[in-house]
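Thanks for coming. I will go through one interface and one ligand site, in that order.

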Amino acid sequence: MVQEAVDVHMESRNLVVRYGNRVGVGVGGGVSLPLYRHRITALIGPSGCGKTTFLRALNRMHDLTPTARVEGEVLLDGENIYAPGVDPVLVRRRVGMVFQKPTAFPTMSIYDNVAAGLKLVGIRDRKRLDEAVERALKGAALWDEVKDRLRAPASGLSGGQQQRLTIARALAVEPEVLLMDEPTASLDPISTQAIEDLLLTLKEQVTVVIVTHNMQQAARVSDFTAFFLNGEMVEFGPTELLFTKPKDPRTEAYISGRFG
Amino acid sequence: MTAKDLALKRRYRTERLMMALVALGTLLAFLVLFLVLAYALFQGVGALNLDFFLKDMRPPGETGGGLRQAIVGTLIVDGLGLLIALPFGLAAGVLLAEYPDHPVNPYLRLLSDTLNGMPAILFGLLAFILIVKPMGGFSGLSGAFALGFLMIPILARSTEGVLSLVPKEIREAGLALGLPRWRVILSLVLPTARAGLITGVLLAFARAAGEAAPLLFTAFGSPLLELNPLKPMDTLPLRLFAFAISPYEDWHRQAWAAGLVLFGLITLTSLLARRASRRRF
Ligand SMILES: Nc1ncnc2c1ncn2[C@@H]1O[C@H](COP(=O)(O)OP(=O)(O)O)[C@@H](O)[C@H]1O
Ligand SMILES: [Mg+2]
């Protein structure tokens with residue numbers, strides 16, 4: 001496979017997120033982390049180390065938490081998404097998110113779930129919607145399982161299917177970056193496998209940032225890995241390098257299973 | 001026997017005592033309800049016939065007739081009141097639940113708590129000042145406003161409660177799709193809470209249906225069927241009150257019957273509300 005030159009798609013600079021007076025992530029000068037285009041970057045580290053907090057800063061989800069404050073910059077194609085006048089809604093259209101808990105919209109059919117992002121911004125053209133839904137469901141490796149029951153309620157799908165549905169829903173609006181917060185944490189091994197396989201094809205369309213506290217998963221799917229500990233980003237590098245030749249003793253301790 | 005055993009025994013005894021008290025309390029509550037219902041049935045069932053629903057009331061001294069004008073009036077005045085209250089009640093509930101740090105919310109909450117605890121007759125007074133006076137006369141519409149004022153805080157609080165039960169994951173998923181906040185509320189949060197919202201609306205309707213006080217100097221009452229809400233209109237609680245304090249035997253019976261119909265209407269609405277709330281999503 002010919003890969004284009006690796007360039008930075010998104011980047012955090014000295015990013016600190018506080019909840020009230022407590023630092024959620026960014027201990028020690030803030031997190032500065034490049035996210036490369038069409039690559040998968042994994043964020044690993046023990047529970048409570050700030051992975052989710054960092055991820056949510058990348059599409060301004062913290063705007064909704066009254067106590068949360070974000071300092072530093074997040075550049076998307078060189079533009080700071082926290083600059084005054086930037087509309088968070090437009091940022092989120094470019095930077096989509098999949099959450100840990102599969103959350104299909106319970107009142108909607110499978111089709112409407114996937115079309116939700118498009119319909120609700122005013123796209124009504126039947127043919128265009130049909131195509132987008134099919135493309136997104138194929139992209140999320142769910143099409144074959146649901147193509148005969150697109151009108152059925154989404155709440156009837158299994159957990160693994162619902163998680164792929166939320167991926168399809170996120171893909172349908174054609175984001176450039178997809179943030180995934182432990183997308184397989186609540187799934188069985190087979191669904192987990194399906195989503196891991198999916199990630200490898202997804203990166204041809206989007207830049208992926210995936211939080212996982214499963215190191216094997218990070219090693220299997222990601223191109224780059226960042227290791228977080230107690231609110232600090234300890235180390236970042238190509239996945240292979242980070243797992244075989246960690247520079248920081250704390251990284252080594254973590255990946256060799258001595259804590260966390 | 002050890003001290004521990006004794007303590008355990010004492011706990012069992014307290015538990016049994018509490019259970020007995022709870023059972024007694026429940027029984028008393030049911031007994032009161034049963035007595036009221038039985039007595040109303042006993043007194044009013046004789047007046048409950050087809051005419052009661054199909055004919056208007058008769059002048060004192062004449063027997064027969066019904067309370068059609070009050071039944072229809074109740075539905076119209078209460079229904080109009082609901083229409084008036086709905087947008088304000090829903091909007092206030094949405095504001096309270098979905099924009100918790102909005103600067104007007106502390107005042108809104110204080111206002112809705114105060115209104116919730118306000119004697120119903122004051123809503124009538126409010127409608128009298130705001131509607132009856134400027135319009136120069138009593139009317140069903142002014143009664144609808146009085147009931148509407150009464151329903152707004154009920155709707156606001158029930159809406160707030162129901163919306164706060166919608167998982168925050170649904171909101172976040174919608175926002176993460178790049179939907180503006182108002183879109184998320186209209187297209188995702190409200191539909192998810194639909195059953196609960198309907199329940200709240202029905203309960204507000206039932207609550208207002210039983211009120212006489214706010215209508216005394218607004219809807220005022222009418223002996224004949226009146227469909228024009230700009231004219232005085234009758235309602236069941238108003239008629240019940242007027243008949244109950246009258247000296248006529250026949251009217252007393254009809255007052256009891258009016259109570260029964262009102263009871264039926266409210267029970268029916270509450271049952272519908274329960275059904276709506278049981279349906280998930
Ligand atoms: N909404 C919040 N309010 C206050 N503190 C929070 C909130 N969310 C997370 N935190 C705190 O921030 C730290 C990082 O949490 P989080 O980013 O969820 O970690 P991770 O995803 O790595 O498990 C933790 O100490 C957590 O308790
Ligand atoms: Mg997390």
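Between them, chain A and chain B bury about 1,900 Å², with 72% of it on carbon and sulfur atoms; buried area here is the accessible area (1.4 Å probe) that two parts lose on being put together, summed over both. This is a predicted model, where local features need pLDDT of at least 70, side-chain atom pairs count only at pLDDT 80 or more, and totals for chains, interfaces and linings use all residues. Residues are numbered from 1 along each chain as its sequence is written, chains are lettered from A and ligands numbered from 1 in the order in which they are written, and side-chain values use heavy atoms, with hydrogens and water left out.

In contact (heavy atoms within 4.5 Å) are 25 residues of chain A and 18 residues of chain B. How many salt bridges are there between chain A and chain B? The count is 2, a salt bridge being a side-chain nitrogen of Lys or Arg within 4 Å of a carboxyl oxygen of Asp or Glu. R56(A) forms a salt bridge with E172(B), with 2.7 Å between the closest N and O atoms.

Now the ligand. Residues that surround ligand 1 (a heavy atom within 4 Å of it) include Y19(A), R22(A), K51(A) and T53(A). An N or O atom in the side chain of T52(A) is 2.6 Å from an oxygen atom of ligand 1. For C49(A), a polar backbone atom is 3.3 Å from an oxygen atom of the ligand. Y19(A) places a polar side-chain atom 3.4 Å from a nitrogen atom of ligand 1.

Conventions. Polar contact = N/O pair within 3.5 Å; in protein donor to acceptor, adjacent residues only side chain to side chain.
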